[in-house]
Amino acid sequence: MKSLSVDLGERSYPIHIGTQLLDQPELFSPHLAGGAVCIVTDDKVAPLYLNQLKNTLSEFEPHSVILPHGEQHKHWQSLDRIFSFLLKNEVGRDCPLIALVGCVIGDLTGFACACYQRGIRNLPFPATCRSQ
């Protein structure tokens, strides 16, 4: 695994690059201060990696939102599914969202994080060169 540091003073953060990162809870735990985490992914990625990440994060009570795959689903209805899930489950500001894979999911998750309860933590987890 290689790590880079984005130096932003108080807001600095690491970027980890490598294989088997989903199996390393120590990479996630510094960013998960609250008691829960919510994973946002799509229906193509969920069968491949969602259970693996949920097992890694089991101590953080992982929730998940699974959206349809594809650029055609990058719209308000998909964003509404994220917001509805968060509200229905009474997710607080201390619960970060993990975008499992990027592109459409990363964009929707990032926007939801910026808007929900005036901003919550976003942990992007891109798995392809394109989404990075």
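A: Two strands are said to pair if DSSP finds at least two bridges between them. The model considered here is a predicted one.

Strand β5 covers residues 97-100, and it pairs with strand β3, residues 37-42, in the parallel sense over three bridges. Within this pairing, C38 has L97 of β5 as its bridge partner. The strand also pairs with β6: four bridges join β5 to β6, and these two strands run parallel.

Four strands form an open sheet, with parallel pairing, in the order β4-β3-β5-β6. Strands β4 (62-67) and β6 (122-125) stand at the edges, and each has a single partner strand, so one side of each is left without a neighbour in the sheet. From one strand to the next, the twist averages 20°.

The side chains of β5 may now be considered. L97 and A99 point one way from the strand, while I98 and L100 point the other way, and all of them are buried. What lies across the sheet? Helix α3 (residues 76-88) lies across β3, β4 and β5, and runs at about 160° to β4. Helix α4 (residues 104-115) lies across β3, β4, β5 and β6, and its direction is at about 170° to β5.

Is T109 buried or exposed? A residue counts as buried under 20% relative accessible area. T109 has 0% relative accessibility, and therefore counts as buried. Leaving out residues up to four places away in sequence, T109 touches V40, I82, L97, A99 and N122.

The largest pocket holds about 1100 Å³ of space. It is lined by 33 residues, of which I15, H16, P124, F125 and P126 are the closest to its centre. Elements that each supply at least two residues of this lining include β5, α4 and β6, together with β2 (13-17), α1 (25-28) and α2 (46-56). The largest share, five residues, comes from β2.

K2 lies in strand β1 (residues 2-6) and stands opposite I17 in β2. Apart from residues up to four places away in sequence, K2 touches I15, H16 and I17; of these, I15 and H16 are among the residues closest to the centre of the largest pocket. K2 has a relative accessibility of 62%, and it therefore counts as exposed.

Helix α2, another contributor to the pocket lining, contains T56. T56 is buried, with a relative accessible area of 13%. A polar atom of its side chain lies 2.5 Å from the backbone oxygen of L22. Neighbours within four places in sequence set aside, T56 is in contact with L22, D23, Q24 and P25.

Most residues other than glycine have a negative phi. E61, in the loop between α2 and β4, has a positive phi of about 50° although it is not a glycine. Q117, in the loop between α4 and β6, likewise is not a glycine and has a positive phi of about 45°. At 51% relative accessibility E61 counts as exposed, whereas Q117, at 33%, counts as partly exposed.

Technical notes: Residues are numbered from 1 along each chain as its sequence is written. This is a predicted model: local features need pLDDT of at least 70, side-chain atom pairs count only at pLDDT 80 or more; totals for chains, interfaces and linings use all residues. Side-chain values use heavy atoms; hydrogens and water are left out. Axes are lines fitted to C-alpha atoms, for helices over the stretch in contact, and angles run from 0 to 180 degrees between N-to-C directions. Contact means heavy atoms within 4.5 Å. Buried means under 20% relative accessible area, exposed over 50%, partly exposed in between (1.4 Å probe, protein chains only). On a 1 Å grid over the protein atoms alone, a cavity is a set of points where a 1.4 Å probe fits but cannot get out, and a pocket is an open set with protein on both sides within 12 Å along at least five of seven lines; lining residues have an atom within 4 Å of a point. Grid points are joined across faces, edges and corners, and a volume is the space filled by probe spheres set on the points. A polar contact is a pair of N or O atoms within 3.5 Å; within protein, one must be able to donate a hydrogen and the other to accept it, and residues adjacent in sequence count only if both atoms are side-chain atoms.
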